[in-house]
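Visitor: I'd like to learn how to read a model like this one. Could you walk me through it?

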Amino acid sequence: MKKAHQPVLLQEVLKIFEGVELRVFFEGTVGAGGHAQAILGAHPEIERYCACDRDPKALSLARKVLEPWKDKIEWIHGAYGDVKRHLKTLTIRGIDGFLVDIGVSSMQLDERERGFSFLGDAPLDMRMDPEANLTAERIVNEYPEKELARIFFEYGEERRSRKVASAIVEARRKRRIRTTEDLVRIVKPVATRGRLHPATLVFQALRIVVNDELKQLEEGLKSAIALTRPRGRIAAISFHSLEDRIVKNVFRDAKKEVAILTKKPVGPNLQEMRINPRSRSAKLRAVERLE
Ligand SMILES: C[S@@+](CC[C@H](N)C(=O)[O-])C[C@H]1O[C@@H](n2cnc3c(N)ncnc32)[C@H](O)[C@@H]1O
């Protein structure tokens with residue numbers, strides 16, 4: 001049975017926004033609407049809730065969950081990195097709260113045909129937004145070997161990145177690599193072996209590049225800092241060290257504009273880890289906008 005998406009660090013997120021008057025809120029990754037439901041429930045003062053996601057399927061699910069608040073919601077199909085442009089279109093000049101909970105959702109992983117998972121067979125796609133141009137298939141079949149090695153090293157932290165890239169180039173000379181199973185078969189014998197499935201890091205790296213995830217995060221957070229009104233708060237949940245580093249650095253570099261609320265990143269408690277294994281690597285960081 002498909003699992004419903006469970007919002008991670010929900011109590012911790014609510015705590016960040018507790019006592020803050022949230023008239024306008026921007027959620028960059030509304031997904032299944034789990035965090036949105038709780039935030040809207042806890043903050044009846046919200047006048048406009050901007051619910052943004054790249055994935056139209058996520059938006060249609062969120063529409064159902066958030067039906068009771070439909071008059072307050074501005075639906076945005078797009079990338080949260082473009083938050084400035086989205087708010088301009090809505091003629092919104094400032095926000096009081098901003099949240100992103102990045103990465104793939106359980107629904108996206110469960111929809112095998114989208115190619116996010118190395119379990120099972122599917123076309124090598126990995127686009128969160130099906131209208132975007134770049135797919136994982138194009139990357140593995142068309143990028144030069146050196147570029148593939150760089151991608152696996154930088155975004156997957158795969159120690160055997162050059163071997164993986166060379167195996168891919170060797171395989172694609174014979175036949176185009178089309179499916180997740182094709183890729184797993186090529187990568188498995190050469191990738192780093194350890195606790196994780198050997199294709200984990202390669203899949204992570206491809207997903208990051210297909211969806212331009214790190215640039216989205218950096219630009220989204222920088223814009224959020226510029227758009228948030230004094231005493232407003234910005235929170236980000238990330239799932240691996242590359243992302244957490246970006247969140248930490250963007251917040252640290254804005255020390256004239258924000259106060260850090262989380263000296264160390266906040267993680268899940270034991271109970272949440274047991275109930276929702278996806279939460280295990282989650283890290284929450286937050287800041288408050290200064291005057
Ligand atoms: C982990 S889920 C969010 C779950 C949500 N917080 C909830 O409680 O249901 C991540 C969502 O972010 C979306 N997403 C990832 N990167 C994005 C981006 N740059 N812009 C907009 N949406 C993005 C994905 O499509 C996915 O639906």
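Visitor: How far apart do the C-alpha centres of domain 1 and domain 2 lie?

Guide: In this predicted model, those two centres are 31 Å apart.

Visitor: And which residues does each domain take?

Guide: Domain 1 is assigned 10–107 + 213–289, and domain 2 is assigned 133–210. Notice that domain 1 comes as two segments of the chain.

Visitor: What do I do with the radius of gyration of the chain?

Guide: Hold it against what a compact globule would have. For 291 residues that is near 19 Å, and the chain has 19 Å, so the two agree. As for the box, the C-alpha atoms fill roughly 60 × 40 × 40 Å along the principal axes.

Visitor: What share of the residues in the chain is buried?

Guide: Buried means 20 or more other C-beta atoms within 10 Å of a residue's own. Here that gives 45% of the 291 residues.

Visitor: How do I read the contacts?

Guide: Look at sequence separation. Take contacts between residues at least 6 apart in sequence: 70% of them join residues at least 24 apart. The secondary structure in the chain comes to 13 helices and 7 strands.

Visitor: Now the ligand. How many residues surround it, and which are the closest?

Guide: The ligand has 24 residues around it, with Pro7, Thr29, Gly31, Gly34 and Asp55 the closest. Helix H2 (34–42) and strand S2 (48–53) are the elements that each give two or more residues to that shell.

Methods. Residues numbered from 1 in each chain as written. Predicted model: local features only at pLDDT ≥ 70, side-chain atom pairs only at ≥ 80, totals over all residues. Near = placed C-beta within 6 Å. Helix = DSSP H or I, 4+ residues; strand = E, 2+ residues; numbered from the N terminus. Rg over C-alpha atoms; globule rule 2.2 N^0.38 Å. Buried ≥ 20, exposed ≤ 12 C-beta atoms within 10 Å, placed from the backbone. Contact = placed C-beta atoms within 7 Å. Domains from an automatic or database assignment.
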